[in-house]
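Subject: Handing over the model

Hi,

Here is the structure I promised to pass on to you.

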Amino acid sequence: MFKGQPKGLFALAIANTGERFGYYTMLAIFMLFLQAKFGWGGSLASTIYAVFLAAVYFFPVLGGVLADKIGYGKCVVTGVSVMFLGYLALSIPTGANAMGITLMIAALALIALGTGLFKGNLQVLVGNLFDDPKYAAKRDSAFSLFYMAINIGAMFAPSAATAITNKFLAKAGLIYKADIPALAHQLLNGTITAENADRLAALQGIMPGADVNAMSAGEFSQYYIDHLSSSYNMGFAVACISLIFSMAVYFATRKWFAHADVNAKQAAAQGAPTVELTPKQTKDRIVALCMVFAVVIFFWMAFHQNGQSLTWFARDYTQSTVAGWSRIGFNIWALALIAASVYTAFGIFQAEDTKGKAINGVVTAVLWVGAYLIYAGIDNPLEIQPQLFQQFNPFFVVALTPVSMAVFSSLAAKKSEKHPKGMEPSAPMKIALGMVVAAVGYFVMVLASRGQASPAQLAGTVSPDPVVPLYLMGTYLVLTFAELLLSPMGISFVSKVAPPKYKGLMMGLWFAATAVGNYLSSIPGLLWEKVSLVANWGILMGLCIIAAVIMFAMLKKINAATAE
């Protein structure tokens, strides 16, 4: 799967991995930070979160337009510099006051702007590598590998955020308990009930610090909020380090992809051959791409619940301990070994000689033994934190990418008179199928939520009858299947069919569609304390089904407009 790919692909993928690690470390705890620090309810916190995600994915439009004029590489480097300033500002501990809110919003604006300049244009550089006929046939598989690399960074992020949180809480004589922040804010603003006051006192009593146990309830509440919030600030600081790593890789390997850092304007000035489209072809391709953009809005609305409603479900409705075999999923090093073993296992079949097959076989066995030894040493039962569930999606992406590539490669190879180009579905067909699969993911959440009290009924506490973690693990698995059908294929599709003069803009519009979906992802948060859990998940499931039906209806027109 790696053979025959240009070196520039791996350089750009690793550079993006570092940036994504910092971004997802921040995102894993951002919603928890908003509620813990400021005491905001689900509706307000969800709105802030959704607006930020929308901005992160809307600014690539600006980045794309700018890159079509001045160049992709310049925008990438400028974007990283702006992001660095944003993460640095977000890592500064402040009070939960107007100044603190202002600094946070300014930091988020810088991160969003920097990401807009960086993200889409880096992916255009990847796509340009495959304009070379030598590599053209490997475009889809390359974007799958690129997407896998992104998720390596995302996979380690929740564990990194959790480790930092636990370290700084421990220094303050504290441990993490999911319902303390809400109860502490209730006590400080005078709305706590007698029952919840007793619950808060009991939680204070299990804190390891002797000084903490001697505090009054009010002192403890403020102390816990301040130290939990500052521990999250330290998690945000990780992104600054990861950006330095990304830029070091980018500049060290720049000669591997320098030839791809050419937009249409620069190519024309250099006298390089360019693809010329008729006005009708240009219009048809743009219209077809916009049809795809409109549909994927609904996917991103459903998918980006991982940092908000799915994390709230993990915090309030899922057991805080895990026992048995499934606890291996909460150790990132075990997951990393398992993910690596998938690639070495495929290497057994893909190696060209007996020696290569044997080496891959031995390495696979060693990786599995290592994973088992880690598993054997994990506490049983194991205490877990809600953000850890966010590592399952990137883990599944990394582990399942070679499976996905193998399946589609096999279908592409099945050529016949009826299917001269093979039986692999087109990118728009994969997107439609991805919407159906996403609906199935939220059906799992409907099953998990039956009989549970609504968030309004819990009133800031956790469910007395939480569900097993396997429900969320299963949901993330199904949503990952949907993502692999939709996201890397969609990016590849845009890079392939976008008119040369508008490559940056079209990639930016792909992210703009994501931005709209991200903004709409606030809807479940706005409804969180107003409707039942089943109704909330049912809305997402229904929207995915509607989007799939629309996409299936448009397939013929889209395929005709983008056929080569």
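Predicted model: local features only at pLDDT ≥ 70, side-chain atom pairs only at ≥ 80, totals over all residues.

Residues are numbered from 1 along each chain as its sequence is written, and side-chain values use heavy atoms, with hydrogens and water left out.

Leucine 470 is a handy place to start, and you will find it in helix α18. With Trp325 and Val468, Leu470 makes a nonpolar surface patch of about 300 Å². For a patch like this, residues need over 30% relative accessible area and no salt bridge, with nonpolar side chains (Val, Leu, Ile, Met, Phe, Trp, Tyr) joined within 5 Å and like charges within 9 Å. The areas are Shrake-Rupley values with a 1.4 Å probe, and for residues only the protein chains shown count as cover. Leucine 470 counts as partly exposed because its relative accessibility is 38%; the scale runs from buried (under 20% relative accessible area) through partly exposed to exposed (over 50%), again with a 1.4 Å probe and protein chains only.

Now for the empty space. Rolling a probe the size of a water molecule over the atoms shows where such space is left. The search used a 1 Å grid over the protein atoms alone: a cavity is a set of points where a 1.4 Å probe fits but cannot get out, a pocket is an open set with protein on both sides within 12 Å along at least five of seven lines, and lining residues have an atom within 4 Å of a point. Points are joined across faces, edges and corners, and a volume is the space filled by probe spheres set on them.

There are three cavities of 30 Å³ or more. The largest cavity has a volume of about 310 Å³. Its lining has 25 residues, and the closest to the centre are Tyr24, Tyr57, Tyr147, His304 and Glu483. Helix α5 gives the largest share of that lining, six residues, and α1, α4, α11, α15, α18 and α19 are among the helices that supply at least two each. By class, the lining of the largest cavity has 14 nonpolar, eight polar and three charged residues. Here Ala, Val, Leu, Ile, Met, Phe, Trp, Tyr, Cys and Pro count as nonpolar, Asp, Glu, Lys and Arg as charged, and the others, including Gly, as polar.

The second largest cavity holds about 70 Å³. Its lining includes Phe33, Lys37, Leu103 and Asn233, with at least two residues from each of α1, α3 and α4. Eight of the lining residues are nonpolar, three polar and one charged.

Of its 37 lining residues, Tyr176, Ser320, Glu383, Ile384 and Gln385 are the closest to its centre. Helix α5 again provides the largest share, six residues, and α7, α12 and β2 are among the elements that each supply at least two. The lining of this pocket splits into 20 nonpolar, ten polar and seven charged residues.

The peptide bond from asparagine 380 to proline 381 is cis, with omega near 5°.

Which charged side chains pair up? There are five salt bridges, counted when a side-chain nitrogen of Lys or Arg is within 4 Å of a carboxyl oxygen of Asp or Glu. One of them joins arginine 199 and aspartate 179 at 2.7 Å, N to O. This pair links distant parts of the chain, with arginine 199 in helix α7 and aspartate 179 in the loop between α5 and α6, 20 residues apart. Arginine 199 is partly exposed at 35%, whereas aspartate 179 is buried at 6%.

Another salt bridge, at 2.6 Å, runs between lysine 430 and glutamate 424. Lysine 430 is buried, with a relative accessible area of 1%, and glutamate 424 is partly exposed at 27%. Aspartate 316 and arginine 315 also meet, at 2.8 Å; aspartate 316 is buried at 10%, and arginine 315 is buried at 17%.

Cheers

Notes:
Helix = DSSP H or I, 4+ residues; strand = E, 2+ residues; numbered from the N terminus.
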